[in-house]
Amino acid sequence: MDERKTILSGIQPSGDLTLGSYMGAMKNWVELCNDYNCFYCIVDMHAITVRQNPAELRKRTLAQLAQYIASGLDPEKNTIFIQSHVSAHAELNWVLACYTMFGELSRMTQFKDKSAKNADNINAGLFTYPALMAADILLYQADLVPVGIDQKQHVELTRDIANRFNGVYGDVFTVPEPFIPKVGAKIMSLTTPENKMSKSDKDPGGCIYLMQKPEEIMRSFKRAVTDSETCVKYDPDNKKGISNLMTIYSLAAGKTYEEIENEFVGKGYGDFKVAVGEAVVEMLRPIREEAERLLKDKAYLEKVYRDGAARASYVANKTLRKVYKKVGFVQK
Ligand code: AQP
């Protein structure tokens, strides 16, 4: 039996993967498979809480799979799958929705943000999204959920749902902990550094996409918003743009904030932005090239997601059977 702790995380294919998705999530996933039993999914069912073009969603889902692998996630060492391929997610979602309170869902920041952004489509799925996310996590009895700070509230709700269910039926679910990286927990938009860099941002200049060409990446960094001073100093309260660029540089070049401040003493923001851009271009180059190669090998990608779904379904169905029995459903 596998004695390692279990990890589950996922990203919705609601837009092309960004530097935020990479630095806040994927980059941190890669090392974990040596110490943990890891499940990583592409949460396409979450993506349709906002209207998607079907052909683009399908294409982006496969592109995301290729980018997961190209970022270093080895399908032999991690279970990588597409959420809609494991029907237990939808089934447990319903059960958990009956153990999730209206008041709890109403307090979710993401619901408030997304309903403000999609005022013409405030659907029930957008509201009950956290119950599906709880199902994603609890099906695999995950101990840890690596997420950016923005998703912490959802993991906390998952804990409340798990504890509520366990309180009634005994120890059915492992109660998960959020697992938040120290640096890179929140990468901000390059044009509006008070906002998170988001896949579905309508301003593409604010985002760096993993598959973007070097010249486009450099252009976005050169246009990044800074401030009216001239010193490169980490001060996230007063110098949001510069501090965000420093976080990105720190992760891309492996330098501390202090080293970065010293490197740019007496130099202008122009030099700094070019250095950040170049570090990001070099970090992303091998990922883009490998993802492009993988995308040409449809048979391989198909094998990865089929194998992943089979492995994930085995674990998920075990939990689902237990839940169905506990709540009183007659065995099939
Ligand atoms: N800018 C970010 N900084 C740090 N972490 C981030 N994550 C996303 N953006 C950043 C982390 O990536 C994981 C997957 O999140 P998701 O794509 O499923 O949902 P999201 O957080 O809603 O991401 P987006 O890009 O903002 O998508 P849209 O635009 O569709 O809402 C999570 O661990 C998240 O913390």
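Begin with helix H1, residues 19-29. With three residues, H1 gives the most to the shell around the ligand. The model is a predicted one, and every distance and area quoted on this tour is computed from it.

**The ligand and its shell**

Next, select the ligand together with the residues around it. How many residues surround the ligand? There are 22, and the closest are Ser14, Lys114, Ser198, Lys199 and Ser200. Colour this shell by residue class: eleven of its residues are polar, six are nonpolar and five are charged. Strand S1, helix H1 and helix H6 (109-117) each supply at least two residues of the shell.

Select Lys114 to begin with; a polar atom of its side chain lies 2.7 Å from an oxygen atom of the ligand. Then select Asp150, where an N or O atom of the side chain is 2.8 Å from a ligand oxygen atom. At Met197 the backbone takes part instead: one of its N or O atoms lies 2.9 Å from a nitrogen atom of the ligand. Taken alone, the ligand exposes 640 Å², and the protein buries 97% of that area.

Select strand S1, residues 5-11. Five of its seven residues are buried, so the strand is largely enclosed by the rest of the structure. Lys5 stands opposite Tyr36 of S2, and Ile7 stands opposite Cys38 of S2.

**Inside strand S2**

Is strand S2 mostly covered or uncovered? It is mostly covered, with seven of its seven residues buried. In a regular strand, side chains alternate between the two faces of the sheet. Here Tyr36, Cys38, Tyr40 and Ile42 point one way, while Asn37, Phe39 and Cys41 point the other way, and all are buried.

Now centre the view on Tyr40, which is found in S2. Its relative accessibility is 0%, so Tyr40 counts as buried. Bring strand S3 (79-82) into view; S2 and S3 pair in the parallel sense over four bridges. The bridge partner of Tyr40 in S3 is Ile80. Also mark Gln83: 43 residues separate Tyr40 and Gln83 along the chain, and their C-alpha atoms are 9.4 Å apart.

Why does Gln64 count as buried? The cut-off for a buried residue is under 20% relative accessible area, and Gln64 is buried because its value is 2%. Draw a distance from Gln64 to Pro178: the two are 114 residues apart in sequence and 23 Å apart in space, C-alpha to C-alpha.

A polar atom of the Ser71 side chain lies 2.7 Å from the backbone oxygen of Gln67.

**Two further stops**

Select Gln141 in the loop between helix H7 (124-138) and strand S4 (144-146). Examine its backbone torsion: Gln141 has a positive phi of about 55°, although it is not a glycine.

The tour ends at Ser313, which is found in helix H13, residues 298-327. Ser313 is buried, with a relative accessible area of 18%. Show its side chain and the backbone of Ala309; the side chain of Ser313 reaches the backbone oxygen of Ala309 at 2.7 Å.

Technical notes. Residues are numbered from 1 along each chain as its sequence is written. This is a predicted model: local features need pLDDT of at least 70, side-chain atom pairs count only at pLDDT 80 or more; totals for chains, interfaces and linings use all residues. Side-chain values use heavy atoms; hydrogens and water are left out. Buried means under 20% relative accessible area, exposed over 50%, partly exposed in between (1.4 Å probe, protein chains only). Two strands pair if DSSP finds at least two bridges between them. A crossover is right-handed if, with the strands pointing away from the viewer, the path from the first strand over the helix to the second runs clockwise. A residue is near a molecule or strand if one of its heavy atoms lies within 4 Å of it. A polar contact is a pair of N or O atoms within 3.5 Å; within protein, one must be able to donate a hydrogen and the other to accept it, and residues adjacent in sequence count only if both atoms are side-chain atoms. Accessible areas come from the Shrake-Rupley method with a 1.4 Å probe; for residues, only the protein chains shown count as cover. Ala, Val, Leu, Ile, Met, Phe, Trp, Tyr, Cys and Pro count as nonpolar, Asp, Glu, Lys and Arg as charged, and the others, Gly among them, as polar.
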